[in-house]
Amino acid sequence: MKTIQVKLAKRSYKAICGFGVIKNLAREIKRLNLGSSAYIITFSKIKNRYGKHLVKSLKGSGINYTFKVVADSERSKSLQSCFRILQHLARFDKNKKVFIIAFGGGVIGDLSGFIASAYKRGIPYIQVPTTLLACVDSSIGGKTGVDLNLGKNLVGAFYQPRLVISELSFLNSLSRRQVRAGFAEIIKYAVIKDKLMFKYLEANHAKVLGLDKQALGYIVNRCVRIKAEIIQQDEREEKGIRTILNFGHTLGHAIETAGGYQKYNHGEAIALGMILASRISKKLKLINQDTYLRIVNLIKLSGLPVQIKGLSLKKILAAQYRDKKFIGSVNRFVLIKDIGRTIIKRNIPLGIIKDTLGIPSSL
Ligand SMILES: NC(=O)c1ccc[n+]([C@@H]2O[C@H](COP(=O)([O-])OP(=O)(O)OC[C@H]3O[C@@H](n4cnc5c(N)ncnc54)[C@H](O)[C@@H]3O)[C@@H](O)[C@H]2O)c1
Ligand SMILES: [Zn+2]
């Protein structure tokens, strides 16, 4: 078991990660005095498979609970589902001291965190991530929110969890595709901050993707530590430090949106976005061909997509210009100078973006 302290003054919290760590849940809730009633937001698949573990860990603690099951889809990250959940939560909350447990992947985490931020102007919430992506990335850092038809995460708040408990044995039931999606964010951490980890992944990608206990424990902890260090310096993305976590996300989000959140999942879209951002870095002569190929190869080796298929490139471009990372019409890309070193560039000419996507400049 590893505990990483996310140090954010009054909003500091522990991220506990390992095998068998879920049994600490009730003790930590009591220590933090979060409340007497847990409102657990989840997908039915997760409730059916792992709900009993969560319930067992609350048993005898005097904490009562209810499950709120939402549809298993990115579409649940919507204002419509917020409305329904808030109504239900308000009914459950009568005469209780309620807190939320986000029990699932990034969709559940983002949605639950946002509801926690808004209900009664903020109630405590805990992240119990169940996907690799959520363990290494979305459960940490307090970015919460929901999507609009016009784009992802357009409505949201910075709202930190009070605790993160990543029970790595929950990951065993993930599909290969979901494991790969988490692996995309792992590659992101290596590319933006840790050349040694990148080398480790080149040699050990099969172990990590096979959820080997030791490799998984090492990588999840490493990513959480990197993320904690970044957000500790720039919690609300005001200083341009946290921005580097968006490597691959500018075009990645556009690909995800253009595909209706179905064609490519978040991790797959981000893998494609990282290739495109690396290609732009190469075009601007920030990196050489070798570095570019190392990144593409690692993505390929892990079984993630390396080429956009079945999507209109023009649709991607249109989605991109609605992204939050485009301030007015000025675009902003996280690019790389080397593996482990980033640089933020604004105003990348449209011609370069089109060229990178393979769209003729006349279109
Ligand atoms: N807040 C942040 O900082 C941040 C960072 C990265 C991504 N995100 C968001 O996270 C979302 C993607 O997260 P995700 O990939 O975890 O998606 P997800 O929450 O949709 O989960 C993916 C799938 O895995 C299934 N699943 C979850 N846990 C399982 C388990 N233990 N065993 C078997 N199946 C399981 C789910 O039912 C779902 O079908 C996106 O909405 C993205 O925008 C947020
Ligand atoms: Zn992401």
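Biologist: Which helices and strands each supply at least two residues of the shell around ligand 1?

Modeller: Helix H2 (44–58), helix H4 (106–118), helix H5 (132–138), strand S8 (151–158) and H6 each do. Helices (H or I, at least four residues) and strands (E, at least two) are DSSP runs, numbered from the N terminus. This is a predicted model, where local features need pLDDT of at least 70, side-chain atom pairs count only at pLDDT 80 or more, and totals for chains, interfaces and linings use all residues. Residues are numbered from 1 along each chain as its sequence is written, chains are lettered from A and ligands numbered from 1 in the order written, and side-chain values use heavy atoms, with hydrogens and water left out.

Biologist: Which residues come nearest to ligand 1?

Modeller: Asp-72, Glu-74, Thr-130, Thr-131 and Ser-173, out of 26 residues around it. A residue counts as near if one of its heavy atoms lies within 4 Å.

Biologist: And what classes are in that shell?

Modeller: Seven nonpolar, nine polar and 10 charged residues. Ala, Val, Leu, Ile, Met, Phe, Trp, Tyr, Cys and Pro count as nonpolar, Asp, Glu, Lys and Arg as charged, and the others, Gly among them, as polar.

Biologist: What about polar side-chain atoms? How far is the one of Glu-74 from an oxygen atom of ligand 1?

Modeller: 2.6 Å for Glu-74.

Biologist: How much of ligand 1 does the protein bury?

Modeller: 90% of the 870 Å² that ligand 1 exposes when taken alone. Areas come from the Shrake-Rupley method with a 1.4 Å probe; for residues, only the protein chains shown count as cover.

Biologist: Switching to the metal. What coordinates the zinc ion (ligand 2)?

Modeller: Glu-185 (OE), His-249 (NE2) and His-266 (NE2), at 1.9 to 2.1 Å. Along the chain, the donors follow the spacing E-x63-H-x16-H. Glu-185 sits in helix H6 (residues 176–193) and His-249 in helix H9 (residues 249–258), so the pair ties together parts 64 residues apart in sequence. Donors are N, O and S atoms within 2.8 Å of the metal (3.2 Å for Na, K and Ca); water is not among the atoms, so sites may look incomplete.

Biologist: Is Glu-185 buried or exposed?

Modeller: Buried, with a relative accessible area of 1%. His-249 is buried too, at 5%. Buried means under 20% relative accessible area, exposed over 50%, partly exposed in between (1.4 Å probe, protein chains only).

Biologist: Now the backbone. Which residue has a positive phi of about 55° although it is not a glycine?

Modeller: Asn-33. Its place is the loop between helix H1 (25–32) and strand S3 (37–43), and it is exposed at 55% relative accessibility. Asn-347 also has a positive phi, near 55°. That residue lies in the loop between strand S11 (341–346) and helix H13 (350–357).

Biologist: Why flag those?

Modeller: Because most residues other than glycine have a negative phi.

Biologist: What else lies in the loop between H1 and S3?

Modeller: Gly-35 is found there. Gly-35 is buried, at 17%. Its C-alpha is 26 Å from that of Phe-19, 16 residues away along the chain.

Biologist: Last one: Thr-144. Which backbone oxygen lies 2.8 Å from a polar atom of its side chain?

Modeller: That of Ala-157. Thr-144 is part of strand S7 (residues 143–148) and is buried, at 10% relative accessibility.

Methods:
A polar contact is a pair of N or O atoms within 3.5 Å; within protein, one must be able to donate a hydrogen and the other to accept it, and residues adjacent in sequence count only if both atoms are side-chain atoms.
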